[in-house]
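Here is a short briefing to read alongside the structure. Please keep the model open while you go through the points.

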Amino acid sequence: MEMPIPDPAVLARKDRLVARLMAVLPADAVIHDLAETRAYECDALTAYKCPPMVAVLPASTQEVSDVLRICHDEGVPVVPRGSGTSLAGGALPTADCVILGVARMNDVLETDYENRVIRVQTGRTNLSVTGAVEEEGFFYAPDPSSQLACAIAGNIAMNSGGAHCLKYGVTTNNLLGVTMVTMDGEVVELGGAHMDAGGLDLLGLICGSEGQLGVVTEATLRILPKPEGARPVLMGFDSAEVAGACVADIIKAGVLPVAIEFMDRMLIEVCEDFAKADYPMCEALLIVEVEGSDAEIDHQLALITEIARRHDPVALRESASAEESARIWAGRKAAFSAIGRISDYMCLDGTIPVSSLPYVLRRIGEMSKHYGLPVGNVFHAGDGNMHPLICYDANKPGDLEICEAFGAEVLKLCVEAGGCLTGEHGVGIEKRDLMSHQYAPADLEAQMAVKDVFDPQWLLNPAKVFPLDISEARRAEPIAAE
Ligand SMILES: Cc1cc2nc3c(=O)[nH]c(=O)nc-3n(C[C@H](O)[C@H](O)[C@H](O)COP(=O)(O)OP(=O)(O)OC[C@H]3O[C@@H](n4cnc5c(N)ncnc54)[C@H](O)[C@@H]3O)c2cc1C
């Protein structure tokens, strides 16, 4: 994986830059010593590391604006950072950049239960948004498995999803408004505290823009009344094909579960070992959850289990208690940590039409043999979002490169199957060089023209999303600085 060579002229301006940043931020919010900047050298795609030149931790929109104005003035690239849990390398620094972390911006600014909205600073973690409203019987729906750590900032930048997004949609469906600071320090408001806004859907453009267009500092989020109850059912099958057919039949029947999650044998074993979730041992496991009143749950689960029975499940078990439900989800949500305990791994994130699941899984199995690296599959089956986890040995020379080649082939397969390079983790650096596989040059040019409007000098997160060779001319534009 290639990154641009750091600009020596930018590096030479470090002392002046630090002095200017210290003039607008408290001293402990400007980190420039190498031993301390190392804390920001990578995100959760830990295969790639590079300490930034400087990291800053502003506490308000005004401070973010001051920082960006100075960096703009000095011609210094800025990489926005939430909690650093990106699996796509979205928050990976370059040696000549300023990391702008929003972790200190974690306040709740307003809660409005009557209109079902909450306004937060974007450094607030996903789970603590629900934490702020649950006593009143509300919750924030998007639930990435990293929700204990990841910030609303990163959720907006990556348009993150989660197991329960089948019913509630992903971040973009639950985001009503943002305050954003553009690279030249201008503060803009997009959307509001209500559904939709007049004019172009700029909010839709910002959500999923991977820190390329501005730094999002505040967000107005939709909160929902908590359902009366929820209950998962475990379904084991002796092949992925049969599990895939069962998912298709559930969706066709018009029942809308809140989640349908798929795990293959490798993931079932690893998660069971880690979380003691009491999963049945089989080739393919589905966790299907429905919610509502007891009567609604009974009705929906009766329909769903009847469909499952037509596919000869080797196991079929409804959760019998809140504790059992929590255990079932603890296993699934710990999937990445559980596999991380036994091996280095790269987590892929592609989407496919649900009907091509058996074909795609079979091809991934064949590729695993070809490349000689084990792979486990976990999958938001209801919406076709795959997460193959390729295991490799970071200490074995050449293994990472084999893993990268394997991963690239899997993502190309997703596109060929009629899907997309990314579902919820974003492009970052991980899928950057594959963008040309999915998009024609004219499509990429149109996408880059959007960045030109918001960030004409290409200073915000400039080495991400677009293949380096096609963005080179824009990134190489001479930057105004003394
Ligand atoms: C164990 C584990 C499980 C995960 N499970 C899921 C899952 O179920 N679903 C899912 O969607 N993702 C998942 N992820 C990926 C990751 O948690 C999400 O992408 C998350 O939204 C990143 O949030 P963050 O705050 O950590 O962002 P970071 O990693 O800090 O940054 C991510 C991107 O956002 C940009 N950014 C950060 N802050 C701002 C800002 N203020 N303004 C503009 N841009 C900004 C960065 O430049 C970068 O491009 C998982 C990750 C891990 C490690």
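Predicted model: local features only at pLDDT ≥ 70, side-chain atom pairs only at ≥ 80, totals over all residues.

Residues are numbered from 1 along each chain as its sequence is written.

**Around the ligand**
- The ligand has 37 residues around it, and G82, G90, G154, A157 and G211 come nearest (a residue is near if its C-beta atom, placed from the backbone, lies within 6 Å).
- Two or more residues of this shell come from each of β3 (78–81), α6 (152–158), β10 (215–222) and α13 (335–342); helices (H or I, at least four residues) and strands (E, at least two) are DSSP runs, numbered from the N terminus.
- The most comes from α6, with 5 residues.

**Helix α11**
- The 16 residues of α11 (residues 294–309) should span 22 Å at 1.5 Å a residue, and the end C-alpha atoms are 22 Å apart, which agrees; the expected span is 1.5 Å times one less than the number of residues.
- I297, Q300, L301, I304, I307 and A308 are the buried residues of α11 (20 or more other C-beta atoms within 10 Å of its own; exposed means 12 or fewer, with C-beta atoms placed from the backbone).
- Down the axis of α11, these buried residues fall within an arc of 120°, so they line one face of the helix; the arc is that of the directions from the helix axis to the C-beta atoms.
- On the other side of α11, A295, A302, E306 and R309 are exposed.

**Domains**
- The chain is assigned domain 1 (108–225), domain 2 (229–335) and domain 3 (343–437), with bounds from an automatic or database domain assignment.
- The centres of domain 1 and domain 2, taken over C-alpha atoms, are 29 Å apart.
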